[in-house]
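Here is a brief report on one protein chain. Take a look at the model first.

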Amino acid sequence: WSNKKGLHDFIKLSGLIKDNQVIILIGLTPKQISQLPENITGIERTSNIQELATFYSMADIFLNLTYADTFPTTNLEALACGTPIITYDTGGSIESVFDETGKIVKKGNLPEILKAIEQLSIKDSKFYKIKCSQLAKKKYDMITQFDKYRIIYENILK
């Protein structure tokens with residue numbers, strides 16, 4: 001985690017969110033965890049897929065406040081677990097977010113992040129669980145992607 005990945009924005013956001021809201025950041029160093037505000041729970045990096053899926057599934061919203069990214073798999077993992085995404089309008093981070101699966105916000109605009117959190121909180125979480133998982137299965141299913149690559153390679157070989 002670095003400022004490039006939005007760590008400083010998460011820290012600023014922690015001072016703006018409601019008392020009943022908590023931010024969970026996964027993949028931090030012990031030093032970073034020790035420096036977090038009270039309403040941010042820091043967790044060290046994990047390679048346990050089940051543990052990650054549990055965190056994604058229990059989240060109401062996945063915030064990706066990255067300032068630079070190509071096509072982050074974290075967005076796809078969140079979708080697959082039925083969790084809507086709020087992300088900055090950064091590179092490929094926006095490519096997996098659609099009207100029914102999240103919100104795209106101008107980079108660094110924390111008031112807009114708060115507004116997006118409120119908007120996504122209005123709908124029943126079952127709505128997003130269904131829409132996000134359907135989108136992930138339809139667009140990013142492993143077999144579907146393999147078939148697309150196979151077609152590309154076959155066309156190249158022709």
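Where is the place of Asn20? Asn20 lies in the loop between helix H1 (7–14) and strand S1 (23–28). The model is predicted. Asn20 counts as exposed because its relative accessibility is 68%, and the cut-off for exposed is over 50%. Asn20 and Asn39 are 19 residues apart in sequence. In space, their C-alpha atoms are 9.2 Å apart.

Next, the sheet. Three strands make an open sheet, ordered S3-S4-S5, with parallel pairing. Strands S3 and S5 are the edges, and each pairs on one side only. From one strand to the next, the twist averages 10 degrees. S3 and S4 run parallel and are joined by three bridges. Leu63 stands opposite Ile86 in S4.

Helix H4 (residues 73–80) packs on this sheet and touches S3 and S4. H4 also packs with helix H6 (residues 125–140). The table sets out the angles of H4 with each partner.

| Pair | Angle |
|---|---|
| H4 and S3 | about 170 degrees |
| H4 and H6 | about 125 degrees |

The axes of H4 and H6 are 7 Å apart, and the angle between the helices is about 125 degrees. H4 is therefore oblique to H6. Which residues of H4 meet H6? They are Leu76, Leu79 and Ala80. On the H6 side, the partners are Cys132, Ser133, Leu135, Ala136 and Tyr140. By class, this contact of H4 with H6 has seven nonpolar residues, one polar residue and no charged residues.

Methods: Residues are numbered from 1 along each chain as its sequence is written. This is a predicted model: local features need pLDDT of at least 70, side-chain atom pairs count only at pLDDT 80 or more; totals for chains, interfaces and linings use all residues. Side-chain values use heavy atoms; hydrogens and water are left out. Two strands pair if DSSP finds at least two bridges between them. Helices (H or I, at least four residues) and strands (E, at least two) are DSSP runs, numbered from the N terminus. Axes are lines fitted to C-alpha atoms, for helices over the stretch in contact, and angles run from 0 to 180 degrees between N-to-C directions. Contact means heavy atoms within 4.5 Å. Buried means under 20% relative accessible area, exposed over 50%, partly exposed in between (1.4 Å probe, protein chains only). Angles under 35 degrees count as roughly parallel, over 145 as roughly antiparallel, 65 to 115 as roughly perpendicular and the rest as oblique. Ala, Val, Leu, Ile, Met, Phe, Trp, Tyr, Cys and Pro count as nonpolar, Asp, Glu, Lys and Arg as charged, and the others, Gly among them, as polar.
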